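Keep the sequence and the model side by side.

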Amino acid sequence: MMKSYTLISNIKMLAGILDKNILLKKGAEMGVLNSIENAYLIIENDCIFGFGKMEDLNEGIQNIKISHEINANNGMVLPAFVDSHTHLVFANWREEEFEMRIKGKSYEEIAVAGGGILNSAKKLQSMSEDELFIKALERLNQVIKQGTGAIEIKSGYGLTVHDELKMLRVIAQLKSVSPIPIKATFLGAHAFPAEFKNNRKGYIDLIINEMLPNIAKENLADYFDVFCDQGFYTVEETDLLLKAAAKYNLKPKIHANELGYTGGVQVGVKHHALSVDHLEYTGNEEIDCLLNSNTMPVGLPNCSFFLGIPYMPARAMIDAGLPVCLASDYNPGSSPNGRMGFVVSLACTQMKLTPEEAINATTINGAYAIELSKTHGSITIGKNANLIITKPISSLAFLPYNFGNDSVESVLINGKVY
Ligand code: NIG
Ligand code: FE
């Protein structure tokens, strides 16, 4: 194949440079974001080929012919975000519940009354695969433009064999057209459908005996998720489900400890979960359990912001030596927004992470949480050139500081402006 080279010149700061052997950052290392000021970066086809200081550019371009130049005009260059937790395939928004919550109803009360996830399931069940795909593709395009360069998407609004498979097929279709990598997670155990309210075992059996074998046969999922929490799946039910998923080599990435100290983190770690997500209720026991594991804790600050629930204690977790990853949780119930820049702002303003920690949490650690850190999540020679070029800004801190405003000038996907 003909090699083509793109030069990004006049980069005020190239940030997020990492050795290729480092697959995640934890504890004090999270505060370090290696960077070069006044830098250039060269892309070969779709991968990072080299970088250095502008004054050494002549050396850098020796022996290669640059076919395309992008002037960063004193913007910063960062690795694109890796959003390791989304539910971006859904039929419709749920602003009616938003109004109920304004008037005092809690997320759990709305769920018990048949709203929440069951409301989304009803909407999704009556929508065709094609229509779902078109809607999801629009959202995917939007978040890519906002700087997301790799993403995970869950099922979990189907809740029948037919509709869970339908959702996963939509994700498969997205994978086939997406310029960014997508990982698919099967979340049949997101809620109990109304008809199984008094027969929980019946629905769990359906997941184990009908959904899992069919999903495995069609190779529709990379991971397995359970909403292990108060009012949803118990630790015992989660344990049973994770055992069943392991037979199909589906690694767990579970929803845990959003609504209470439920033991969700512990059951996830016991099953070597790749990640445990939410963790608004995390104390010393959960921290100790995570310290003895390879499981990535994933915080979802949009959800805390939007539902008015506590934030994952990310500061204390990093101070204890843990890695922390942050993701958008893009979904119609608890986070109707997939913009990762806002996640970074909340990380700083609400979770008291430094801008450097927040960027590591949303890039390299996000990549770890979906097993992409060998190819994504940092500025590393040979990694995929999915990059963000910012507007000319004075420092890294300006990104989260100027919250809600978009400092992203352009996004490069596979080395090309998206
Ligand atoms: O991650 N907490 C569980 N699941 C989603 C929300 C689902 C919904 O309300 O539609 C979440 O917040
Ligand atoms: Fe979620």
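Is Lys-201 buried, partly exposed or exposed? Lys-201 is partly exposed, at a relative accessible area of 48%. The cut-offs are under 20% relative accessible area for buried, over 50% for exposed, and partly exposed in between (1.4 Å probe, protein chains only).

A word on the ground rules. This is a predicted model, in which local features need pLDDT of at least 70 and side-chain atom pairs count only at pLDDT 80 or more, while totals for chains, interfaces and linings use all residues. Residues are numbered from 1 along each chain as its sequence is written, chains are lettered from A and ligands numbered from 1 in the order written, and side-chain values use heavy atoms, without hydrogens and water.

Now the partner. Lys-201 forms a salt bridge with Asp-205, at 2.7 Å from N to O. The term means a side-chain nitrogen of Lys or Arg within 4 Å of a carboxyl oxygen of Asp or Glu. The count by this rule is 15. Lys-201 and Asp-205 sit four residues apart in helix α7 (residues 200-217), so about one helical turn separates them. Helices are DSSP runs (H or I, at least four residues), numbered from the N terminus. Asp-205 is partly exposed too, at 28%.

Move on to helix α8 (residues 235-246). Asp-239 and Lys-243 are four residues apart there, about one helical turn. Their side chains meet in a salt bridge of 3.1 Å, N to O. Asp-239 is buried at 13% relative accessibility, whereas Lys-243 is partly exposed at 47%.

Note on methods: Helices (H or I, at least four residues) and strands (E, at least two) are DSSP runs, numbered from the N terminus.
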